[in-house]
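Trainee: Could you walk me through this model and show me how to read its features?

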Amino acid sequence: MIKNYFKTAWRNLVRNKVYSLINILGLSIGMAACILILLWVQNQLSHDRFHKNLDRIYIVNNRDIGDGGKFAWSWTPNIMGPTLKKDYPEVADAVRYVEGNNFLFTVGEKKMVPSGAFADPGFLSVFSFPLISGDAKNALAEVSNIVLTEKLARSLFGADDPLGKIVKIDSNAHFKVTGVLKNLPDNTAFDFAYLLPWSYKDKLGWTDSAWGNNGLNTYVMLKPGTSQATFDQKINKITTNHLPGDPLYKNREVFTQPFKDQWLYSKQENGRYIGGRIDMVRMFTAIATLILIIACINFMNLSTARSEKRAKEVGIRKVVGAQKKGLIFQFIGESVLLSGIAFLFALAIVIIFLPGFSTLVDQQLHLPFTDPLFWMSAVTFILVSGLLAGSYPAFYLSAFNPVKVLKGFFKSSTAAVNPRKVLVVIQFTFAVLLIISTFIVMQQIKHAQARDNGYNAQHLVFVKMNGAIENNYSLIRNELINRGAVVSVTKSMSPITERYSDSWNFSWTGSTEEDKKTDFVRMASDADFVKTLGTKLVMGRDIDIFKYPSDSNAILLNETAAKMMHLKDPLNAILKADDIEWRVVGVVKDFIYQSPYEKVQQLIVFGPKSWFNTMHFKLNPANTTRQNLDIVAAIFKQFNPEYPFDYKFVDAEYARKFKEEQKTGTMAALFAGLTIFISCLGLFALSTYMAETRIKEIGVRKVLGASIFNITSLLSGSFLKLVIISCVVASPIAWFVMHNWLKNYQYRISIGWPVFAGTALLVMVIALVTISFQSVKAALSNPVKALRSE
Amino acid sequence: MIKITNLEKIYRTEEVETVALNDLSFEVRDGEFVAVMGPSGCGKSTLLNILGLLDDPDAGSFLFNGVEVAKFNERKRADMRKKNIGFVFQSFNLIDELTVFENVELPLMYAGVKKSERKARVDEVLEKVQIMHRRNHFPQQLSGGQQQRVAVARAVVNKPKLILADEPTGNLDSSNGNEVMQMLTDLNEAGTTIVMVTHSEHDARYSHRIIRMLDGHTVTENILV
């Protein structure tokens, strides 16, 4: 019997090529979009899930009160890890980890600056990064050990076995390769090409035992059976207890977050992690489901609309003994078959678009063909899609009365509200919802891009001050200016596009004890901060150590800081920080150093008594960029010969701030486009079918004097009504969803009516174009033909 | 074989109530060939649908081989139908997507007959209706007469006790029509009971008895044999 069902289904498919193509194409595109999204979702959900001890690993966090509420952060003091390991028996191991090393590696003639991290020796035992060679327990035990990833090892040593070989780091430190790790998988939050032992950080003098200096991550692995809640309770006051009587730390709490949640839950509210990437995962899972539903709705609509064609078969089968459940089985089977065919096409589409999609989402996604779980999921996916698409038509078709259908009394429903119309409304509601959302995301990105960032990024370049740059700074600076490649130079604590440091415990004339808890962003400059970066002075002058030797403890405030400090006359005000008295020499207009979607926080630019690690310079606009960079590169080669000249343009770095939102916007646009395309595919097929079934009515109307316009608007009108209803239903939902999304941004647009009106108009035009082809064709047909066929 | 007593069937729409069968009673004995005649709308087809267990009466009794079937549910009706009744329609009603062979095979499949036996029985019946040479063709590749022969083959393949024919020659020319009527006569002579609805006095003369209906009940009965 199944063979008979299969034959009928297959011949039906072949006989009705256009409908079959529309059905399979729509379903394939929907499935492909769904698979792509689910691959990304799976990638997100699998982040760092491969660690053997996953359920026992936690990341240590701080929580405190400030800026009107509680806030949490995962940077911890150097002393935290060893203290937890020593004083808390439930801790199996505690490891410190920090990225951001930019050492110069030399092996023979090869020189490179790979990015790496410092880690405690237990790191490779707590986390499960597989070692190709070496011993996880001892690989980082000695101060001169180094662990490389396979890729870096190959770059440094080629095909030779790297184990035991020596890497020179910077000018004089020699490290023995004690381990080679498999390249890090794409789904890990860790990002390093090598690991250096924490003891080397100690040796460099880059560590301290201050409980208030938070600059690294601490991970604890608890002993089996330890409850996180109990442990959190025990460590809650650990910082306060080590800083007794210090009013700044009286509210400090320490707690842990399960490591497995770290990737997905990074957004906090009132000091608790409540969301983050998980919100995107949920949103796109919903979008994947919606797209699949929309594609399945096409199938439902076409199957039920074309039910007259199948009605006779149902009648005959019933007459010769078929029961309803047998017919339901037959029709669901048919849709599962179609779903299976669509899945094969979908796989082909996914294979074609996967590389582009991987680039878009910035993750290396792949189809795990060798994984049995993938094939099991594929079968489930086909069955679910088949059931979803086929169950309603199956029940609908199998319920036909054989007497009526065999006598030709069957007519499909023309009621004002029938399930098919409801399904079209659902389809277009989703499509309109996605399009409105896409427009709002785009508007928000544009809004932030159009925001004045408060400085001039044109021709602005920065380099990290590595190797001999610090020592030769004055020579480099003079040379750059004298040779006409740059017009001004400033060194700073961080690139202007980033925030490297912030701290509190500052006091100034008239400040209160409470003010000490105000967090200030820190930047630094030796001279020409305003001139080089193009920020605007509101009052006073720029820091300039070359002109004013006393400027070593000068500071600039941004406007927010000046306002927040309630200084009547900010100039020459004294601020006490790090046991130094700093003098305000100028106030600059607020500029965006971090997120263009957030308000600018209070910021201080400290004078040369501070520390520096970045050098900004403004290229000479009179020359070409190439000419300038050639000169600059030559100068750096001269004064910092060991290191490759690595520079970045500030405007490119600033543009990267929009990457995440642009990614969301592009994905939303892509899937909105697909949704409307699939919906229109269904609409096209429905309008074709409608034109076929109403051919006699059209003939009669034309004979009675209806014009082509009358007929076209009659046929198109019924569909347009559904699209208008969809716009009305989708608009408030879209407003609600996007209003909540915009709440994530302090600097945001307000949603206006044009986006709804514009979307409605756009969708109506698209729908009209889709259906008018068939409507006009029907209106132009010869009525005599239609009536004769009766 | 069939005994109906005081059968009633009323069709209701929002505004109109149509009495299709009104206190109808008659009997059909085993091996009989009965023709039902009457003007359009007299209730012939309704009667045939009820006899074929495709529809149920609103009142009255319907005994099929001594079993009361008037109130059977869907499942029991389907079961009774596939074991005992074959249908021949005016418009042939073959499934376009199935070949001649597959169309005829269908009732046997629903009856759960094994594949080898199905093949033998289908071939036998196709041979009998002289359509064997078109067994792999699709309905639309056949003439009207050929399609009706396939429909007859499908009706008899399961060896039903009763064949219900609804204007079996209505869409055929006279030569093809006569062929089909001869086929039904042969089946009847082989022991199959036949109830045929027709407008054609010519066709009705093939039967043993003509029941004439008007407004949902019988008006006369003519015994021809």
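**Reading the model**

Mentor: Let's start with a loop: Asp362(A) lies between helix 12 (324-361) and helix 13 (372-398) of chain A. Helices (H or I, at least four residues) and strands (E, at least two) are DSSP runs, numbered from the N terminus. Keep in mind that this is a predicted model: local features need pLDDT of at least 70, side-chain atom pairs count only at pLDDT 80 or more, and totals for chains, interfaces and linings use all residues. Residues are numbered from 1 along each chain as its sequence is written, while chains are lettered from A and ligands numbered from 1 in the order in which they are written.

Trainee: What is the phi of Asp362(A), and is the residue buried or exposed?

Mentor: Its phi is positive, about 65°, although Asp362(A) is not a glycine. As for burial, we count other C-beta atoms, placed from the backbone, within 10 Å of a residue's own: 20 or more is buried, 12 or fewer is exposed, and in between is partly exposed. Asp362(A) has 11 of them, so it is exposed.

Trainee: And Leu53(B), buried or exposed?

Mentor: Leu53(B) has 24 C-beta neighbours inside 10 Å, so it counts as buried. Leu53(B) also has a positive phi, about 60°, without being a glycine. You'll find Leu53(B) in the loop between helix 1 and strand 4 (59-64) of chain B.

Trainee: How do I get an overview of chain A?

Mentor: Count the elements, then look at extent and burial. Chain A has 25 helices and 28 strands, and its C-alpha trace spans about 105 × 60 × 55 Å along the principal axes. Of the 790 residues in chain A, 40% are buried.

Trainee: Which residues of chain A does UniProt cover with "transmembrane region"?

Mentor: First, a caution: UniProt positions are given in the numbering used here, feature names are shortened, and annotations may be inferred rather than shown by experiment. The unreviewed entry puts that annotation on several spans, including 374-401 and 667-691 of chain A. Residues 374-401 of chain A are 89% helix and 0% strand, with end C-alpha atoms 42 Å apart. Residues 667-691 of chain A are 100% helix and 0% strand, and there the end C-alpha atoms are 36 Å apart. The unreviewed entry also places "domain: ABC3 transporter permease C-terminal" at residues 286-402 and 670-778 of chain A. The span 670-778 of chain A is 86% helix and 0% strand.

Trainee: How should I read strand pairing?

Mentor: Strands of a sheet pair through backbone hydrogen bonds, either parallel or antiparallel. Here two strands pair if DSSP finds at least two bridges between them. In chain A, strand 10 (residues 166-169) runs antiparallel to strand 5 (residues 105-107), with 2 bridges, and Thr106(A) stands opposite Lys168(A). Strand 10 of chain A also pairs with strand 11 (residues 173-181) in the antiparallel sense, over 4 bridges. Those two strands form a hairpin with 3 residues between them, and Asp170(A) in the turn has a positive phi of about 55°.

Trainee: What is the strand order in the open sheet of chain B?

Mentor: The order is 6-7-8-3-9-10, six strands with mixed pairing. Strand 6 (85-88) and strand 10 (217-223) of chain B each have a single partner strand, so one side of each is left without a neighbour in the sheet. The twist averages 20° from one strand to the next; axes are lines fitted to C-alpha atoms, for helices over the stretch in contact, and angles run from 0 to 180 degrees between N-to-C directions. Helix 1 (residues 44-51) of chain B packs on this sheet, and its direction makes about 150° with that of strand 8 of chain B.

Trainee: Which residues touch the most other members in the largest nonpolar core?

Mentor: In soluble globular proteins, nonpolar side chains tend to be buried together. A nonpolar core is a set of buried Ala, Val, Leu, Ile, Met, Phe, Trp, Tyr and Cys residues joined through C-beta atoms within 7 Å. The largest core has 80 residues, and those touching the most other members include Val36(B), Val104(B) and Ala153(B). Helix 3 of chain B gives the largest share, 7 residues.

Trainee: How many residues of chain B are in contact with chain A?

Mentor: There are 20, facing 20 residues of chain A; contact means C-beta atoms, placed from the backbone, within 7 Å. Helix 2 (74-84) and helix 3 (100-110) of chain B are the elements that give two or more residues to that side of chain B.

Technical notes: Two residues are in contact if their C-beta atoms, placed from the backbone, lie within 7 Å.
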